[in-house]
Amino acid sequence: MEVAAQNCRSKASVGSVRSGEQTGLGQQSDRNGILAPMNRHDDTSSKYCVIGAGAAGLTVCRALRQHGIPFDCYEREHDVGGIFLYGQPNSSLYQSTHLLSSKSTTEYPDFPMPADYPPCPHHSLVLEYFRSYARHFQLYDQIRFQTGVEQLIPSSTGWSVRLAGERARSYRGVVIANGHYWDPVWPDFRGKFSGTLLHSKQYKTPDVLLGKRVLVIGAGNSACDIAAEAVSVAKRVVLSIRRPVHFLPKLSFGKTGDATAQQLIRWGMPLWMLRILSELGARVINGRPQDLGMGVPDHRIFESSVTVSTLVPYHVRHGDITIKPGVDELEGSSVRFADGSTEPFDVIVCATGFRVSFPFIDHRELNGPAGSPRLYLHQFHPHRNDLSVVGLFQSATGGHWGLMHYQAQLLARLLAAQAAGANLDWFDRLRNQTAPDLKGGFATHDSERHQYIVEPVRFERHLTRLIGEFDRRYGQPAVTSAPSAPLAAQRNAA
Ligand SMILES: Cc1cc2nc3c(=O)[nH]c(=O)nc-3n(C[C@H](O)[C@H](O)[C@H](O)COP(=O)(O)OP(=O)(O)OC[C@H]3O[C@@H](n4cnc5c(N)ncnc54)[C@H](O)[C@@H]3O)c2cc1C
Ligand SMILES: NC(=O)c1ccc[n+]([C@@H]2O[C@H](COP(=O)([O-])OP(=O)(O)OC[C@H]3O[C@@H](n4cnc5c(N)ncnc54)[C@H](OP(=O)(O)O)[C@@H]3O)[C@@H](O)[C@H]2O)c1
């Protein structure tokens, strides 16, 4: 299905940015006078408030602007990029992070990454990509940086939004794009550890592991990356895995596995066949999980979220990483494991994941228990059009930003139809129905931890079908390139 945005598909890319243009960072501090006060007479009540200028918030800004919907975006950091703004307090990246997903499954569909980027680029290239996106679609002027949203309260006309250190202002609606990999989960073990205890969010470079006895806890992608990186500097590396997993190789036939898997799904390959192929591929390259010293997984590949690593099995076979079961107790400088063994460590890195967190809003407003909103397509509130979340999903295979693009395009159409006074009864009925199956058989094993997993091809089809339905009912929205009263202009007028 073609969507309006695809009709005006741009060949823009990072490389198309005019030479000599500064980074977003430089432009922002020069142009916007970041901390200047807002105009006291600024009336925001007919606008939408977008929270966050990471991958999700940026594409929301682009879609709202494209469809002429007035908005202000607030970002607590000093630039766009979200988690890819390496080194900022809320970035969970380490210096060596490269995309796990390939650029073809990850990029925005109307803004391809440059052809000379490698298939899995380093995070610094990714940040440059986001900056180029923001410049190309003229988004910088509508984002107010170093401005955290502290509280959202529903009002009779929409939402009251309180910014850090400022009065509350009134908005017609709110789009939350605050990310879900910044609030670390710390394991709650018995006992105390006397050495250095880090979360993967705090881990940046391997120098902290130099010559140390290192324990990495977890079996996700962070744990595997950090354990593999520790090998070259640490005295000893142990990986504690409480629940055995399948390690999928990152590359097969010289291509990234996610791109191959998505292509096969698009061609109609059923999950059972993809599972057999993937199990075979994992067996050929990585061997059997139980041969790595961690027992047999209690699930098949894709029944739980996948861990992509070729290096951990490689290093285990060289004796450079030892896999142990879950931690039973911390005993000063030693750790006792579930198999009764005890070992001394200097550093523990807890690569134990992140919790979904919305500290600025009462969780009941998001229709679910804390950290677990129940939203139609993980996006739309079942009863109100003025509150939505974008980016709250995890792709079972491949990247995320293309899907965020379609979420944003759908949202913009909904808000445009609403502003035009269209009858939206059909959509209201739809989002009150039982949620469609977005997983398509993936990650069924552990539904709570994996509640946001989506099979990306299926999810994209849901989103683009709905986009098409909006266009069929209300016509292709008039696309505008004029920004809605930019924040910078408001401040300059103040
Ligand atoms: C180590 C690691 C590697 C990853 N690798 C990949 C990959 O290879 N491919 C892939 O597709 N995905 C990857 N991801 C997932 C990645 O998080 C998403 O792809 C995507 O970048 C998330 O974008 P987002 O906008 O939803 O969230 P974020 O990038 O977290 O952006 C949210 C933004 O909201 C801002 N914000 C939050 N709260 C407030 C507030 N109260 N007020 C104002 N601003 C606020 C934050 O400062 C931030 O800038 C990875 C994640 C991690 C942790
Ligand atoms: N290079 C990259 O692109 C890259 C790198 C890193 C991360 N990422 C992405 O970032 C996201 C987060 O990944 P992540 O690895 O940080 O987190 P994660 O995928 O949530 O994995 C957390 C791991 O910690 C374990 N764990 C949780 N609590 C524990 C406890 N109390 N005790 C012992 N183990 C515990 C979990 O085991 P259970 O299964 O038993 O709960 C799981 O193995 C994912 O989407 C991932 O793909 C990408």
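Visitor: Which element gives the largest share of the shell around ligand 2?
Guide: In this predicted model, 24 residues surround ligand 2, and the closest are L100, P187, G218, G220 and G353. By class, that shell holds nine nonpolar, 11 polar and four charged residues. Its largest share amounts to four residues, and the element that provides them is α6.

Visitor: How many of the 10 residues of helix α6 are buried?
Guide: Helix α6 covers residues 221-230 and is mostly covered. Its buried residues are S222, A223, C224, D225, I226, A227, A228, E229 and A230. The number of buried residues in α6 is nine.

Visitor: Against which elements do the buried residues of α6 pack?
Guide: One of these buried residues is A227. Leaving aside neighbours within four places in sequence, A227 is in contact with V216, V237, L239, V312 and I321. For the buried residues of α6, the packing partners are β11 (213-217), β12 (236-240), β16 (307-308), α9 (311-317) and β21 (347-350).

Visitor: Which residues touch the most other members of the largest nonpolar core?
Guide: The largest nonpolar core contains 118 residues. Its largest share, 12 residues, comes from helix α10 (residues 401-419). This core draws at least three residues from each of domain 1 and domain 2. The members that touch the most others are V60, V174, V216 and A227.

Visitor: How far apart are the end C-alpha atoms of α10?
Guide: Helix α10 has 19 residues, and at 1.5 Å a residue these should span 27 Å. The expected span is taken over one less than the number of residues.

Visitor: Which residues come nearest to ligand 1?
Guide: The shell around ligand 1 has 14 nonpolar, 16 polar and three charged residues. Helix α3 (residues 55-66) gives the largest share of this shell, three residues. Of the 33 residues around ligand 1, the nearest are G52, G54, G82, G179 and G391.

Visitor: Is V335 buried or exposed?
Guide: V335 is found in strand β19 (residues 334-337). Not counting residues up to four places away in sequence, V335 touches L215, V327, L330, T342, E343 and F345. V335 and F345 are 10 residues apart in sequence and 7.3 Å apart in space, C-alpha to C-alpha. With 25 other C-beta atoms within 10 Å, V335 is buried.

Visitor: What is the phi of Q146, and where is this residue placed?
Guide: Most residues other than glycine have a negative phi. Q146 is a residue other than glycine with a positive value, near 50 degrees. With 16 C-beta neighbours inside 10 Å, Q146 counts as partly exposed. Its place is in the loop between β3 (143-144) and β4 (149-155).

Visitor: Is L377 buried or exposed?
Guide: L377 has a positive phi of about 55 degrees although it is not a glycine. Its place is in the loop between β22 (354-355) and β23 (387-389). Since 21 other C-beta atoms lie within 10 Å of L377, the residue is buried.

Visitor: How far apart in space are D471 and A417?
Guide: D471 is placed in helix α12 (residues 456-474). With 17 C-beta neighbours inside 10 Å, D471 counts as partly exposed. In sequence D471 and A417 are 54 residues apart, while in space their C-alpha to C-alpha distance is 9.8 Å.

Visitor: What percentage of the residues in the chain is buried?
Guide: There are 13 helices and 25 strands in the chain. Among contacts with a separation of 6 or more, residues 24 or more positions apart account for 72%. Of the 494 residues in the chain, the buried ones make up 44%.

How values were computed: Residues numbered from 1 in each chain as written. Chains lettered and ligands numbered in written order. Predicted model: local features only at pLDDT ≥ 70, side-chain atom pairs only at ≥ 80, totals over all residues. Buried ≥ 20, exposed ≤ 12 C-beta atoms within 10 Å, placed from the backbone. Helix = DSSP H or I, 4+ residues; strand = E, 2+ residues; numbered from the N terminus. Contact = placed C-beta atoms within 7 Å. Near = placed C-beta within 6 Å. Nonpolar A, V, L, I, M, F, W, Y, C, P; charged D, E, K, R; others polar. Core = buried A, V, L, I, M, F, W, Y, C linked by C-beta atoms within 7 Å. Domains from an automatic or database assignment.
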